[in-house]
Amino acid sequence: MTTAPQTLFEKIWNRHIVRPETSETPAVLYVDLHLVHEVTSPQAFTELRERGLKVRRPSQTVATMDHSTPTTPRGRDGIIPVPDVQAQAQLTQLETNCRDFGIPLFALGTENQGIVHVIGPEQGLTQPGMTIVCGDSHTSTHGAFGALAFGIGTSEVGHVLATQCLLQSRPKTMEVRINGTLRPGVGAKDIILAIIAQIGIGGGTGYVFEYTGSAIRGLSMEERMTVCNMSIEGGARAGLIAPDQVTFEYIKGRPRAPQGAAWDAAIADWQTLVTDHGAVYDATIELDADVLAPMITYGTNPGMGIPITGTIPTRNDMTDEQSKAGLEKALKYMDLSEGQSLIGKAVDVVFIGSCTNSRITDLRQAASLMVGRTVNPKVRVMVVPGSAQVKKQAEAEGLDKIFVAAGAEWREAGCSMCIAMNGDQLKPGQYAVSTSNRNFEGRQGKGGRTFLASPLTAAATAISGVISDPRDIR
Amino acid sequence: MESFKPYTARYAVLPVENIDTDQIIPARFLKTTSKVGLGEILFSDWRYNDDGTPNPTFVVNKPEYQGVEVLVAGNNFGCGSSREHAPWALQGFGFKAVLSTYFADIFRNNSLKNGLLPIIISEETYQKLVSADAEAAGEVEIAVDLATQTVTLPDGEKVHFPIEPFAKYCVLNGVDQLGFLVSADDDLTTYESAHAARVNTAGLV
Ligand code: SF4
C-alpha cells in the first residue's frame, strides 16, 4: 500500500489521534508530555479537586517554577528569598498541587529549575514526534525538535491533567522557507523577527509553521528553539523543524533521552519525521537569509520590526486606517517618530534572557562582545540564564566573570524581566533593548518601552549605551 | 457553565487593533490562584491612572457606557499570551461577547471554554458598529443569538457569524468540554495500550 505524501505536521498529528475529528466534534488528541508552571495551573487543579478527578499520567507531566520567581542572589542559607507574598502563595500552591497529585516539580532553588521551555529540552524530555503542551503560548519552542508543541489555556490544562488529551480541530500548515546563509552578526532571532515583520502578528493564525531551507538547517538546536519560540508572535500556535543529526546530537545522553537499543530504535523512527517529497502545505512563504540584517522592533507588537539599519515606517507606508492608527498609538507610547532611525537611541536597560534567548549559546554570543569591554555606566544590564543548568554551564565556562567584569548583573534563572512579574521590571518611560519576545505596552513593567533584538544586538547596545548594530563593534 | 440565552445589549467600542492579553490583564495580576475579582483589573493600565483613580477618557469609565455587556474591538483581538485570565477578566467585568474582525487562536479557544462568545464580524459590520456608536454613544443595542448564529445590528440588519459546531453546542447547552473528554475514556484506554508512553518524568527531581 502506498500512502499519500504527508507533511511532518500530518505525520505527528495522525499518530496522536485518539478519536478522529467529525463534522460535529473536534479530534481527541493524545498528549505525550505536559509541562506545568505556577501561573496558569492553580485554577486547573482546583477544577480537578472540585470534580474529584485524578491526574491521569503524572509520569508524563512535569512542573517548574519560573514566572514569578525572584532572580536575585541566594541568601547565606542558599535559599532564594521570595519577598512578594502573593508570589510566594502561588509557589506554595504549586508545591501543594504537585505533592497531592504526584507530579515531579523543579522547585525554586533546585538544580534543574528554570524556564519551562528551557528545561524540557535540557532534560531530554522534548523529543521528535511527540505532542507537548503547556499553559503557555511559547510552548511552540519545543517544535524545534520536530515535536508538535503548542500553548493551551487553563481550562485545557485541566483537560490534559485529567485525561492526557485535548480536543483539537486540525490546523492548516504553512511552510516558512528560509533560503541562503546567514551573514556574520545576524542570527536566529533576526530570522524570526523578519518573518513576523513580513507576515504580521496575525499572519499565522490557524496555521502550524514548518521552518525549512538551508538557513534553518545551518542553525544549532538552541537557535532553532529561538525561531520556533516566536512562532506564536506570528500568530501560529506551533512551529516545527524536522529533526536531523543536529537534533539527535543535542538529545543524546540527556537525562531522559532513550538509551541503548531504545536509542537506535528512536533514531530510526525520528529519521522518518520529515515532510515527504510531494506533500502539500496550505501556504508557503519565503525569506532570503543572505540579505538579512540584524532586526529590531520599534513599536508595541512584535510585528513592528525593521532592519537595524532601516528607519521606522511612516503613516504613508500603511495601507489601511487601522494600521495607521496602530502605528500612531505605538509611536506615541514609545515616544518615537515616523521615519526615525533607531541607531544611536539611548536606552536605560538591556535585558538578556527569556525562553527566546537565555540558553548557553545565547549567553556565549553576548559574552563574545562583552569580553574585555565594559558596559556603558548609564545602562543597567541584566543577564538572566534560562535555567539553573544553563547558569552552571555558563559559570563553568567563565561567562559569568565576563559579564560581571563588564559591569552587568548575573542573576538566578527565571523569566524575569520578560514578563516583569517578579520585581525585575522597567520604570515608567524607560527604554530597554530586550532579547525576549514581547514588546507589548507595559510587558516589561508599566510604562516601560521595549525594543526586541538578538543577544548580539543587546550586547552591542549594552556596551555603547545606545542602540547599536553588533556588526559595528570591533 | 450556564447555558446560553439570546440577549439584547448595549456595547462599547475599543477601536484599537492587536489588543493583546497583556493589555486585557497585565501580567503583574497573574499571581492569583483563583478567578475571582479579575473584572476589577480588566484593561487596568488603560482604565486607571497611575494613582489608581479611573481614567475618565477610557471608554468603559464614561457614564454612558456603564453596564455595557458587549465589547466591539479592533482587528486581531486577544493576541499574545495564552492566559485564560483574559476571558475571565472580560466576563468578570460583565462582558458576554466580544466582536472583532479577527481573534487570536488561543484567546478564542479560551473564551469559548468559558462561554464568552468571540464573534467574528466583517470589516463592514465593524465600521457600522463604530459609526452607530459615534452617533449615540453607549445607547445603541445589538442582539446576539447563538442558535441562529446571528447578531442584529442597531439598524435591524442581521449578520451571520461562524462558530464550530462543537463549541456552539457546548456554549448553547452550558456543557463543558472536560465532561466530553472524560466520556472518551474507552478510546483513550485503547490508544494508551497500543502506544507506550514516550517519556517518564518520574523521579526526575
Ligand atoms: S520567559 Fe517570558 S515568554 Fe518565556 S515562558 Fe517566561 S514569561 Fe513566558
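The lining of the largest cavity comprises 8 nonpolar, 11 polar and 5 charged residues. In this classification Ala, Val, Leu, Ile, Met, Phe, Trp, Tyr, Cys and Pro count as nonpolar, Asp, Glu, Lys and Arg as charged, and the others, Gly among them, as polar. The lining numbers 24 residues, and His67(A), Asp136(A), His138(A), Ile419(A) and Arg443(A) lie nearest the cavity centre. The volume of the largest cavity is about 220 Å³. A cavity is a set of points, on a 1 Å grid over the protein atoms alone, where a 1.4 Å probe fits but cannot get out; a pocket is an open set with protein on both sides within 12 Å along at least five of seven lines; lining residues have an atom within 4 Å of a point. Grid points are joined across faces, edges and corners, and a volume is the space filled by probe spheres set on the points.

The model is predicted; local features need pLDDT of at least 70, side-chain atom pairs count only at pLDDT 80 or more, and totals for chains, interfaces and linings use all residues. Residues are numbered from 1 along each chain as its sequence is written, chains are lettered from A and ligands numbered from 1 in the order in which they are written, and side-chain values use heavy atoms, with hydrogens and water left out.

The structure holds 3 cavities of 30 Å³ or more.

The largest pocket has a volume of about 810 Å³. Of its 37 lining residues, Ser169(A), Asp105(B), Arg108(B), Asn109(B) and Glu164(B) lie nearest the centre. Two or more residues each come from α1 (8-15), β7 (148-151), β8 (165-168) and β10 (207-212) of chain A, and from α4 (105-114) and α6 (165-173) of chain B. Helices (H or I, at least four residues) and strands (E, at least two) are DSSP runs, numbered from the N terminus. The helix α4(B) gives the most to this lining, with 5 residues. The lining divides into 19 nonpolar, 9 polar and 9 charged residues.

The second largest pocket holds about 690 Å³ of space. It is lined by 30 residues, with Met1(B), Glu2(B), Lys113(B), Asn114(B) and Gly115(B) nearest its centre. Elements that give two or more residues are α2 and α5 of chain A, and α3 (85-93), α4, α6 and α7 (177-182) of chain B. The classes here are 11 nonpolar, 10 polar and 9 charged.

Between the chains, 80 residues of chain A are in contact (heavy atoms within 4.5 Å) with 67 residues of chain B. The area buried between them is about 6100 Å², and carbon and sulfur atoms give 55% of this. Buried area is the accessible area (1.4 Å probe) that two parts lose on being put together, summed over both. Gln43(A), Gln322(A) and Lys446(A) supply 12% of the area that chain A buries against chain B, more than any other three residues.

Across this interface 9 salt bridges are found. A salt bridge is a side-chain nitrogen of Lys or Arg within 4 Å of a carboxyl oxygen of Asp or Glu. One of them pairs Glu192(B) with Arg56(A), with the closest N and O atoms 2.8 Å apart. There are 34 residue pairs in polar contact between chain A and chain B, both residues at pLDDT 80 or more. A polar contact is a pair of N or O atoms within 3.5 Å; within protein, one must be able to donate a hydrogen and the other to accept it, and residues adjacent in sequence count only if both atoms are side-chain atoms. Helix α5 (residues 154-163) of chain A gives the largest share of the side of chain A that touches chain B, 7 residues. That side divides into 29 nonpolar, 33 polar and 18 charged residues.

Over all chains the structure holds 35 salt bridges. Glu47(A) forms one with Arg51(A), the closest N and O atoms being 3.0 Å apart. The two residues are separated by about one helical turn, because they are 4 residues apart in helix α2 (residues 42-51) of chain A.
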